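Subject: Structure handover

Hello,

Here is the structure for you to look over. My notes on it follow below.

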Amino acid sequence: MLGCFQLGYCAEINLAKAVRFVSILREREREIMLINLTSISLLSGLGGMFGWGVYDFAAGVYAKKIGSYKTLFWSQLAGCCFIILLASLFSVDLNIPVLVIILLPIASLLYSAGYLFFMKGFEIGNISIVAAIMNLWAVFTILISFSFMGQRLSMFQFIGVLMIISGAIIASLNWSDIKNKKFQLSAGVKEAVIGAFFFGSFWNISELISEKIGWLQATLFIKFGIILILLLFSFFVKKDICLTKSTKKTKLIIVLIGIIEAGAIAIVNFGLTIGDAILITPIASALSVVTILMAIIFLKEKVHKLQVVGIISVIFGIIATGF
């Protein structure tokens, strides 16, 4: 009888240990999954940051040489061809929900409009300043996510948003004219703000599309839409998109940066499929750090000391929104 009791007692202890062991394993699995999701979000954001940073710098340079529209159209066409090649390596599901069919042209239109305004800003303005103002798209994305998609901001993220807004305002002003009692925005700032609104709105819609049909299909169909919209726009407003007078070097670089930009949007869309936009977006929006550094190093651009303060505020604001 005593032996049976001891045996039952031992069995209960072993069962309790087993339950505890399984509980610990599940907790570890959840922690690993959370770490993996966070890592994917961080890497996706970094991919977008470097890809778009290089693209914006090179596109800004060539927008001044061959025009903003030609630079945007041909780079986007090159990117579209790259995504088609990428899609050929995977199976693409053409069974698209009705909601996505409605959202795809809206997303393509917002992306096209955003970059048209950005390119125009680069064409007429200082690349460093326009790149800093572009960061407002992260603010618009976060505010829309906060207002309509149920995502919430931490205290650090709220402070980061304020730093980005205030920094963008400081960087956008022409301080030399203000000293002479003239209030004037730097060239390209208005275009950058409008572009930031379109681009910020785009990413919330892109997140919904990526979650419904996957990152590759989302990137592919949006690229198709962008090319179609740019072609229709050039037809109706009689925009010249020919590159016959451009050098081989110019054509090669336009193709290269188009592929880089397409890779960046594919990486970010992949992250949005399984990660969080509220983490990926601020990191990706740090693209201006890359663009500004390249402009200062390669173009020797000069900015006012107070504009430097504004740019630094924007950069630290972006970092803060990642917490």
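Helices here are DSSP runs of H or I with at least four residues, numbered from the N terminus. With that numbering, H12 is followed by lysine 300, whose phi is positive, near 55°. Please note that this is a predicted model.

**Overall**

The protein chain has 13 helices and 0 strands. Read from the N terminus, its elements run α-α-α-α-α-α-α-α-α-α-α-α-α. The chain has 323 residues, and 48% of them count as buried. Take the contacts between residues at least 6 apart in sequence: 89% of these join residues at least 24 apart.

Start with H2, residues 68–87. At 1.5 Å a residue, its 20 residues should span 28 Å. The end C-alpha atoms are 28 Å apart, which agrees. Is H2 enclosed or open? Buried means under 20% relative accessible area. On that cut-off 14 of the 20 residues of H2 are buried, so H2 is largely enclosed by the rest of the structure.

H10 covers residues 248–274. The axes of H2 and H10 come within 7 Å and cross at roughly 60°. The two helices are therefore oblique to each other. The crossing of H2 past H10 is right-handed.

The residues that meet are these:

- From H2: Thr71, Trp74, Ser75, Gln76, Ala78, Gly79, Phe82 and Ile83.
- From H10: Ile254, Val255, Ile257, Gly258, Ile259, Glu261, Ala262, Gly263 and Ala266.

By class, the contact of H2 with H10 has 10 nonpolar, 6 polar and 1 charged residues.

**H8 and H9**

H8 takes in residues 189–213, and H9 residues 215–236. Their axes come within 7 Å and cross at roughly 125°. Angles over 145 degrees would count as roughly antiparallel, and 65 to 115 as roughly perpendicular. H8 and H9 are therefore oblique to each other. H8 passes H9 in a right-handed crossing.

On the H8 side, the contact is made by Phe202, Ser206, Ile209, Ser210 and Ile213. On the H9 side, Trp215, Gln217, Ala218, Phe221 and Ile222 take part. The H8 contact with H9 counts 7 nonpolar, 3 polar and no charged residues.

**The loop between H9 and H10**

Two residues of this loop are worth a look. Lysine 238 lies in the loop between H9 and H10. Its phi is positive, about 60°, although lysine 238 is not a glycine. Lysine 238 counts as exposed, at 68% relative accessibility.

Serine 246 is found in the loop between H9 and H10 too. Serine 246 is buried, with a relative accessible area of 17%. Leaving aside residues up to four places away in sequence, serine 246 touches Ile66 and Lys251.

H12 has 12 residues, 287–298. From its first C-alpha to its last it reaches 16 Å, close to the 16 Å expected at 1.5 Å a residue. Which residues of H12 are buried? They are Leu287, Ser288, Val290, Thr291, Ile292, Met294 and Ala295.

H4, residues 127–134, packs with H12 at an angle of about 175°, with the axes 9 Å apart. That makes H4 roughly antiparallel to H12. H4 brings Ile127, Ser128, Ala131, Ala132 and Met134 to the contact. H12 brings Leu287, Ser288, Thr291, Ile292, Ala295 and Ile296. The classes in the H4 contact with H12 are 8 nonpolar, 3 polar and no charged residues.

Histidine 304 is found in the loop between H12 and H13, and H13 runs over 305–320. At 22% relative accessibility, histidine 304 counts as partly exposed. How far apart are histidine 304 and alanine 171 in sequence and in space? They are 133 residues apart in sequence and 8.6 Å apart in space, C-alpha to C-alpha.

Phenylalanine 316 lies in H13. Phenylalanine 316 is partly exposed, with a relative accessible area of 48%. Phenylalanine 316 and glycine 167 are 149 residues apart in sequence. In space, C-alpha to C-alpha, phenylalanine 316 and glycine 167 are 9.5 Å apart.

Best regards

Definitions and conventions:
Residues numbered from 1 in each chain as written. Predicted model: local features only at pLDDT ≥ 70, side-chain atom pairs only at ≥ 80, totals over all residues. Heavy atoms only, no water. Expected span 1.5 Å × (residues − 1). Buried < 20%, exposed > 50% of the residue type's maximum accessible area, 1.4 Å probe, protein only. Axes fitted to C-alpha atoms, helices over the stretch in contact; angles between N-to-C directions. Parallel < 35°, antiparallel > 145°, perpendicular 65-115°, else oblique. Left-handed = near helix turned anticlockwise from the far one by under 90°. Contact = heavy atoms within 4.5 Å. Nonpolar A, V, L, I, M, F, W, Y, C, P; charged D, E, K, R; others polar.
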